Amino acid sequence: MSTRLSQRDKDIIGFINQFRAVDRDSLVELFFKQLKSPVNACNSVMIRLYRLRLIERTQQYSPTVYLPVDAKIKKNSQKILHFLSILDIYKQMCIYGMPKQAIVEDKPTGRKGGIEPDLFCIFKGSPFWVEIQRNQYSEQKMQEKINLYEEFFFSDEWKTLQWQPEDRAAIFPSVILITPVRYAVHSDHIRIIQVTSIHELMEKYKNSPKKQREERPKVLSSSNGIKINLT
């Protein structure tokens, strides 16, 4: 069997390595939807890549979920659902604009005990850290999570992260909490946005230009002047 890979093959393998667990339907949506028979085309490509041992797969889920070839995740692990939830948020973002610099399970402090957002990306021109809460936690635990972000804010270490712009002042990302429960958390230093989905986020900021101007001081800026551009 030929091992020559197309650019799409390489992109798919890279995407699976990046997101750790990717279901077949997401691959169809992201890589094959322009074809006449996208599901059949996707199945054919994924079978070939699996037989070449360039990806792994688990059929514990339907449709099939694909994993990196060196994945350390058990094929029936609940961690797979966690990665699929991150992928779902990424796909929601793609509807409104392609996210850039996406990092799954970002560890910006580089040390244990620091912030560990589920996803970092630059979306609609602004940097975000995304926390996906699939389970309900106490408000104390959620505030402790926010406190870690504040600690990182005051460390100034974030100013040297590799994605920071070279031609202007460093930007501290806003924190999006994807949660069905609204927590009474607060910060005087970082922007916290609580929504159930990216769709809700975009609806929240889908205001008329006039209304955006009226709300900008209290809605679209943080205490250090960081602007959030979702238009």
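Is Glu131 buried or exposed, at what relative accessibility? Please describe its surroundings as well.

Reply: The model is a predicted one. In it, Glu131 counts as buried, because its relative accessibility is 4% and the limit for a buried residue is under 20%. The side chain of Glu131 meets that of Lys145 in a salt bridge, with a distance of 3.5 Å from N to O. Glu131 belongs to strand 6 and Lys145 to helix 5, so this pair ties together parts that are 14 residues apart in sequence. Lys145, at 25% relative accessibility, counts as partly exposed.

Gln133 is placed in the loop between strand 6 (126-132) and helix 5 (139-155). Gln133 is buried, with a relative accessible area of 7%. Leaving aside neighbours within four places in sequence, Gln133 is in contact with Lys145, and also with Met142, Ile178, Thr179 and Pro180.

The bridge between Glu131 and Lys145 may be set beside others, for the structure holds 10 salt bridges. One of them joins Lys91 and Glu29, whose closest N and O atoms are 3.5 Å apart. Lys91 lies in helix 4 and Glu29 in helix 2 (residues 24-32), so here the pair ties together parts that are 62 residues apart in sequence. Lys91 counts as buried at 16% relative accessibility, whereas Glu29 is partly exposed, with a relative accessible area of 34%.

Key: Residues are numbered from 1 along each chain as its sequence is written. This is a predicted model: local features need pLDDT of at least 70, side-chain atom pairs count only at pLDDT 80 or more; totals for chains, interfaces and linings use all residues. Side-chain values use heavy atoms; hydrogens and water are left out. Helices (H or I, at least four residues) and strands (E, at least two) are DSSP runs, numbered from the N terminus. Buried means under 20% relative accessible area, exposed over 50%, partly exposed in between (1.4 Å probe, protein chains only). Contact means heavy atoms within 4.5 Å. A salt bridge is a side-chain nitrogen of Lys or Arg within 4 Å of a carboxyl oxygen of Asp or Glu.
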